[in-house]
Amino acid sequence: MTGLRFPTPDLLTRLADRLGPRGFTTDPDLVDTWTTDWRDRVHGRAAALLSPANAEEVAFVLREASAAHVGIVPQGGNSSMVAGATPSADGSQLLLSLRRMNRIRRIAPQDNIAEAEAGVILADLHAAAEDAGRRFPLSLAAKGSATVGGLISTNAGGTQVLRFGTMRALVLGLEAVLPDGSIVEGLTALRKDNRGYDLRQLLIGAEGTLGVVTAASLKLVPAAAQRAVAWVGLEAPEQALAILRRLEQATGEAVESFELVPADALDLVLRHIPDMRAPLERRWPWNVLIEATALADAPPPDEALGLALATAIEDGLAGDATLAASETQAEALWALRENISEAERIDGMAAKHDVAVPVAAMPGFMGRARAAVEARFPGVRALAFGHLGDGNVHFNVRAPADADDRAWFKADGSAVTRFVHDFVAAEGGTLSAEHGIGQTKLADFIRLAEPTRLHAMRAIKQALDPAGIMNPGKLLPLAEADAAQ
Ligand SMILES: Cc1cc2nc3c(=O)[nH]c(=O)nc-3n(C[C@H](O)[C@H](O)[C@H](O)COP(=O)(O)OP(=O)(O)OC[C@H]3O[C@@H](n4cnc5c(N)ncnc54)[C@H](O)[C@@H]3O)c2cc1C
């Protein structure tokens with residue numbers, strides 16, 4: 001990013017003085033663990049790791065960084081799939097960790113609201129809501145490390161979007177710090193507030209490029225007292241979609257999760273993750289994990305789900321199905337789905353894509369995209385899994401079976417990704433359904449985005465962050481000229 005500088009010793013001293021020993025370090029043993037992305041693809045360096053304790057300290061950091069033209073990289077759990085929280089390699093940027101701000105300030109069951117600081121880990125929020133007889137209805141496989149601030153800043157999706165939407169639908173209020181150090185005090189959770197531009201929605205999904213989220217008021221829902229979890233084997237994704245539409249008819253809004261798992265993804269989990277068991281006797285080309293829930297006094301969801309699946313089998317839509325008979329079995333089925341990314345990571349480098357097309361078009365898209373990529377790059381193995389009910393799958397392309405995966409990825413990874421992104425754009429879809437743009441999708445985003453969108457985004461960025469200090473090199477370059485560099 002043009003115009004940004006290395007922090008001077010003077011600036012580092014001022015930051016160290018204000019943040020204290022718990023909030024400031026340059027110790028490589030403490031800093032370097034946070035400068036590589038989750039997928040181990042992007043390796044950065046940071047001049048210092050800052051861990052403020054509150055919004056006022058964040059404001060101090062941003063004011064100083066703006067004045068000094070020093071880049072700031074906000075970071076939560078560092079589980080970004082697009083290297084969104086990884087600093088640049090030149091060591092000029094400051095890593096701003098929100099993990100120390102991990103207090104759940106209050107849970108208000110009567111209001112169905114949780115007020116949580118940015119560093120609260122998703123699993124901890126789940127537990128706190130549950131203790132209060134409520135539920136925070138967003139979950140994803142990185143729930144043990146992903147934080148409230150990161151989830152908001154990526155507008156995370158996950159496995160319950162079908163019913164409850166993405167983070168955009170679940171954030172009722174925000175406290176945030178803008179690049180000039182001013183604090184947005186927007187935690188009051190008004191269900192209605194029509195005063196023009198919505199700063200809250202602007203900051204959601206901004207990937208730390210417009211400011212730092214320090215706390216949020218989050219929407220809770222009644223705890224689901226009953227859940228039914230099923231694993232279904234079938235021949236084709238078209239059948240999966242037909243089953244989803246039937247289930248919606250049969251169970252109303254009970255279906256929360258509808259996750260597609262191809263046979264080769266299940267194979268990877270069974271091969272690489274300990275203690276996993278195949279859920280069905282036969283190896284089906286496609287599988288779906290379904291979860292339906294109900295409140296305590298509603299009819300049990302397993303009856304409706306079981307009945308609908310039995311009819312689907314009779315009608316030849318599904319091949320086989322199993323319904324979890326206990327919480328342990330339900331968890332075991334979920335573990336098969338949630339370990340796919342980890343199993344892929346163990347298996348080797350893959351060109352990964354997070355694409356969406358209209359829901360009804362997804363089965364056809366997956367077939368065409370797989371055929372096209374495997375024809376263009378002979379030997380590669382494409383697999384698509386994930387949130388079929390949202391029209392969003394993770395379309396990943398692995399090296400040919402006999403190739404060295406790292407060498408293949410270095411030689412062909414970018415060309416494969418460009419090909420897949422062009423393909424999804426030609427089909428009217430998006431190259432980022434839920435992971436964001438970060439660094440790894442930046443070039444293709446700029447190349448394929450509508451000029452009007454880019455122009456408006458740059459205008460917003462310029463207005464709020466004229467020095468370009470916030471997460472430089474992610475989401476979008478500040479000026480048109482930077483895109484060419
Ligand atoms: C195994 C696995 C499964 C996943 N599954 C899903 C999934 O199903 N759905 C999904 O949407 N994502 C998924 N992800 C991606 C990831 O978990 C999400 O993007 C998550 O929201 C990131 O949270 P984090 O706290 O780790 O943020 P980080 O990775 O630390 O940061 C993510 C982005 O947010 C910015 N940021 C972080 N905190 C703040 C803050 N307080 N203020 C401003 N900006 C901030 C960072 O600069 C960066 O741009 C998965 C990741 C893994 C590893």
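Is Pro300 buried, partly exposed or exposed? I opened the notebook with that one, keeping in mind that this is a predicted model. I counted 14 other C-beta atoms within 10 Å of Pro300, so I put this proline down as partly exposed. Buried would have taken 20 or more such atoms, and exposed 12 or fewer.

**Around Pro300**

I then looked up where Pro300 sits: it is in the loop that links strand 14 (286-294) to helix 11 (301-314). Setting aside residues up to four places away in sequence, I found Pro300 touching Gln226 and Ala294.

**The whole chain**

Next I stepped back to the overall picture. I noted 18 helices and 19 strands in the protein. Along the principal axes, the C-alpha atoms fill a box of roughly 75 × 55 × 45 Å. I checked the radius of gyration too: a compact globule of 485 residues would come near 23 Å, and the protein has 23 Å, so the two agree. Of the 485 residues, 50% count as buried. Among contacts with a separation of 6 or more, I saw that 73% are between residues 24 or more positions apart.

**Cores**

Which residues touch the most other members of the largest nonpolar core? My list reads Ala230, Val232, Val288, Ile290 and Val393, in a core of 77 residues. I followed Ile290 further. Beyond its neighbours within four places in sequence, Ile290 is in contact with Ala230, Val232, Val255, Ser257, Phe258 and Leu305. Apart from this core lies another, of 61 residues, and I jotted down Ile121, Val171, Leu210 and Ala215 as being among them.

In what order do its four strands run? I wrote down 1-2-4-3, an open sheet with mixed pairing. Strand 1 (24-25) and strand 3 (72-75) are the edge strands, each pairing on one side only. Helix 3 (residues 55-68) packs on the sheet and touches strand 2, strand 3 and strand 4. I also logged the direction of helix 3, which makes about 155° with that of strand 3.

Then I turned to strand 2 (residues 48-50) and strand 4 (residues 94-97): they run parallel and are joined by three bridges. For one bridge I noted the residues, with Leu49 partnered by Leu95 in strand 4.

Definitions and conventions. Residues numbered from 1 in each chain as written. Predicted model: local features only at pLDDT ≥ 70, side-chain atom pairs only at ≥ 80, totals over all residues. Core = buried A, V, L, I, M, F, W, Y, C linked by C-beta atoms within 7 Å. Contact = placed C-beta atoms within 7 Å. Pairing = 2+ DSSP bridges. Helix = DSSP H or I, 4+ residues; strand = E, 2+ residues; numbered from the N terminus. Axes fitted to C-alpha atoms, helices over the stretch in contact; angles between N-to-C directions. Rg over C-alpha atoms; globule rule 2.2 N^0.38 Å.
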